[in-house]
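Reader: I would like a close look at one part of this model, with the cut-offs spelled out as you go.

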Amino acid sequence: MNNSVKKHRQYVGKLGEDVASLFLMKQQFDVIDRNYLKKWGEIDIVAKKGGVLRFVEVKTVSRENIRNVSQETLNSDRPEENVHPWKIKRLYRTIQSYLAEKNVSGETLWQIDIVAVFLDVKNKEAKIRFTENIVL
């Protein structure tokens, strides 16, 4: 992968995380942390709502002119399917590190959510699909 492609992917990923954070805040979530990084994994967004700690994985795809993309096409394009079992295992390990490092009570309820962001960078538009409480 050449450097310009890598930079574009990083830009799209960061933009997707920004859009996801704004979406969560509009849904009354408190975004309390972003990009928690350990050598074995990363948590994109840590949020809280209703006493439940949410570890949010963001998957972003860039599309041109999403206004003209049908709902059927959006439903068949599932970036969240890129959260493979090995990714979930790494995410779980990172969550355990986060809980310990932040001294989160063992009584605290938590879950993993996924936000799929469909991004049209050129037209500055986004569509979001939010999947709550995925099962490990």
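Which residues of the largest nonpolar core touch the most other members?

Author: This is a predicted model, in which local features need pLDDT of at least 70 and side-chain atom pairs count only at pLDDT 80 or more, while totals for chains, interfaces and linings use all residues. Residues are numbered from 1 along each chain as its sequence is written, and side-chain values use heavy atoms, with hydrogens and water left out.

A nonpolar core is a set of buried Ala, Val, Leu, Ile, Met, Phe, Trp, Tyr and Cys residues joined through side-chain atoms within 4.5 Å, where buried means under 20% relative accessible area with a 1.4 Å probe and protein chains only. The largest such core has 13 residues, of which Ile43, Val46, Leu53, Phe55, Ile95, Tyr98 and Ile112 touch the most other members. At least two residues of this core come from each of β2 (41-49), β3 (52-62), α3 (85-101) and β4, these being DSSP runs numbered from the N terminus, helices (H or I) of at least four residues and strands (E) of at least two. The most is given by α3, with 5 residues. A second, separate core has 12 residues, including Ala20, Phe23, Leu24 and Val58.

Within α3 the buried residues are Lys87, Ile88, Leu91, Thr94, Ile95, Ser97, Tyr98 and Leu99, and what covers them includes β1 (30-38), β2, β3, β4 and β5. The 17 residues of α3 reach 24 Å from the first C-alpha to the last, close to the 24 Å expected at 1.5 Å a residue, the expected span being 1.5 Å times one less than the number of residues. Just after α3, Asn103 takes a positive phi of about 55°.

Definitions and conventions:
Buried means under 20% relative accessible area, exposed over 50%, partly exposed in between (1.4 Å probe, protein chains only). Contact means heavy atoms within 4.5 Å.
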